[in-house]
Amino acid sequence: MNNTVFDFVGGTTGDWKVIKVATLRGDDLPEITHINKVVSSLAHNNSGIWTLKGVISNLRYTEKAEKEQLIAIQEDLGRPLATHAAFIPLRKSAEWWNLAQDERRKIMEESSRHTHTGLQYLPAIARKLFHSRDIGEVFDFLTWFEFAPSDEEAFEELLYKLRKTEEWNYVEREVDIRLIKV
Ligand code: HEM
């Protein structure tokens with residue numbers, strides 16, 4: 001699965017229907033009604049109104065104990081009950097990328113408690129992180145979450161907590177797209 005490239009194709013058809021879009025920071029994206037998430041390649045370009053590419057990669061900051069906790073409780077995407085999704089592409093600032101690895105880890109975890117907080121919302125929220133920065137995309141990360149409608153409130157609470165952290169001071173573009181399975 002590592003290095004698999006996915007295209008998130010925004011357009012007027014697809015497996016996920018857009019129900020809400022909020023541009024929290026930076027430029028918005030052209031309007032769409034559907035998103036299709038498809039296995040792709042760096043060479044292939046899917047059509048649509050826009051396409052964002054992301055690649056599955058290795059962990060950067062997660063420590064062994066955290067990794068073990070995640071593996072023990074996280075659920076896969078594609079659960080039949082998870083009819084709601086969120087697609088949140090983000091870009092972090094040059095200031096973030098100029099920090100050293102250990103400084104970024106300190107901000108993400110010791111200060112912002114990203115994994116610690118996120119773990120409390122598992123297994124209800126299934127998640128996948130796609131990296132885009134190293135393949136020359138406009139966003140650094142594409143994040144995808146799936147959950148049951150009854151867990152939407154918990155997901156909002158998690159976002160509220162994360163967006164207040166020091167880590168989010170470095171987020172310069174964030175578009176929050178909510179979807180339901182077609
Ligand atoms: C990265 C866990 C929710 C956005 C990570 C990493 C972990 C993690 C362990 C580090 C990966 C690595 O070591 O490279 C979780 C858990 C969540 C959650 C358990 C619970 C559902 C969220 C939410 C967002 C988010 C709601 C909001 C969009 C990100 C981003 C990164 C990331 C952008 C990459 C950060 C970077 O590398 O600078 N997450 N997360 N996560 N997460 Fe979350």
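Tutor: Happy to! This is a predicted model, so local features need pLDDT of at least 70 and side-chain atom pairs count only at pLDDT 80 or more, while totals for chains, interfaces and linings use all residues. Residues are numbered from 1 along each chain as its sequence is written, and side-chain values use heavy atoms, with hydrogens and water left out.

From the N terminus on, the order is β-β-β-β-α-β-α-α-α-β-β-α-β. That gives 5 helices and 8 strands (DSSP runs numbered from the N terminus: helices are H or I with at least four residues, strands are E with at least two).

Now to your residue. Lys53 belongs to strand E4, residues 50-55. Lys53 counts as buried because its relative accessibility is 6% (buried means under 20% relative accessible area, exposed over 50%, and partly exposed in between, with a 1.4 Å probe and protein chains only). The Lys53 side chain has a polar contact with the side chain of Asp7, at 2.9 Å (a pair of N or O atoms within 3.5 Å; within protein, one must be able to donate a hydrogen and the other to accept it, and residues adjacent in sequence count only if both atoms are side-chain atoms). Leaving aside residues up to four places away in sequence, Lys53 touches Val5, Phe6, Asp7, Ser40, Ser41, Leu42, His44, Asn45, Ser132, Ile135, Glu137 and Leu142 (contact means heavy atoms within 4.5 Å).

How does that sit within the whole chain? Of its 182 residues, 45% count as buried, Lys53 being one of the buried residues. Among contacts between residues at least 6 apart in sequence, 79% join residues at least 24 apart. The radius of gyration is 16 Å, which agrees with the value near 16 Å for a compact globule of 182 residues (taken over C-alpha atoms; the rule is 2.2 Å times the number of residues to the power 0.38). Along the principal axes, the C-alpha atoms fill a box of roughly 40 × 35 × 30 Å.

For contrast, turn to Arg113, in the loop between helix H3 (101-111) and H4. Arg113 is partly exposed, because its relative accessible area is 37%, and its phi is near 55°, a positive value in a residue other than glycine.
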